[in-house]
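Welcome, and thanks for opening your viewer. Let's take a short walk through the model, one selection at a time.

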Amino acid sequence: GEQLNRRSVDVLFIGDSLTEYWPTDAPAVWQAEFGHLRCVNLGVAGDTTSDVLARLQTAKLDHLDARVTVLLIGTNDISLGDGAPSDITRRVRSIVDLIRGKMPNSKLLLMAVFPRDYSPHAAVRETVRRLNSELVKIADEQSVFFLDIGQAFIDRDGFIPKTLMPDGVHLSEEGYAIWAENMRSQLQSLMQSGGVNTGGTS
């Protein structure tokens, strides 16, 4: 709405429940990591790539001047059996193009879809792996960057500890801390590499 008019934003988050729930499920992590920044969280629980595409077509992103946009989407497509990895990737590419069109100055950080399911033998692990091997091709490492932090959620036997993903999909506070820690350096370098003076020397 009106409050988004010409807002200068440091980080814009777009995604599903994993993004939406961060400030509420891990408020201390969110505050510590992003409290000093101007952040907008546009995560919507249940969103698929198709939902995000539809939403962004009407969203007034043109008024949002985000230094960095963090996009994590695709796990709900897998849950719903909505397309092969190549189909999901095609829709993510459209989302990226849409964001780039509306905010040409924003650096886009495309997150690899997080691994899910407790067991390394679960079929969904392979689906996520195949999807991420396609998603990486969207990055040009100039305006669109790819970050895969999946290994950080997996123990050395391949299991995802319940302490990080209690239901095998959603993150606990500890899980969000791992996301924050593993994204921090990439996010900081992208914020500094934008055409914006961050106040320091670049």
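Begin by selecting Asp117, which is partly exposed, having a relative accessible area of 32%. Bear in mind as you look around that this is a predicted model. Asp117 belongs to the loop between strand S4 (107-111) and helix H7 (123-135). Now check its backbone: the phi of Asp117 is near 75°, a positive value in a residue other than glycine. Why is that worth a stop? Because most residues other than glycine have a negative phi.

Next, go to Glu141, in the loop between H7 and strand S5 (144-147).

Now colour the strands. In what order do the five strands of the open sheet run? The order is S2-S1-S3-S4-S5, with parallel pairing. At the edges you will find strand S2 (39-41) and S5, each of which pairs on one side only. Look along the sheet, too: neighbouring strands are turned by 20° against each other on average, direction ignored.

For the last stop, zoom in on S4 and S5, which run parallel and are joined by four bridges. Select Leu110 and look across to S5, where Phe146 is its bridge partner.

Methods:
Residues are numbered from 1 along each chain as its sequence is written. This is a predicted model: local features need pLDDT of at least 70, side-chain atom pairs count only at pLDDT 80 or more; totals for chains, interfaces and linings use all residues. Side-chain values use heavy atoms; hydrogens and water are left out. Helices (H or I, at least four residues) and strands (E, at least two) are DSSP runs, numbered from the N terminus. Buried means under 20% relative accessible area, exposed over 50%, partly exposed in between (1.4 Å probe, protein chains only). Two strands pair if DSSP finds at least two bridges between them. Axes are lines fitted to C-alpha atoms, for helices over the stretch in contact, and angles run from 0 to 180 degrees between N-to-C directions.
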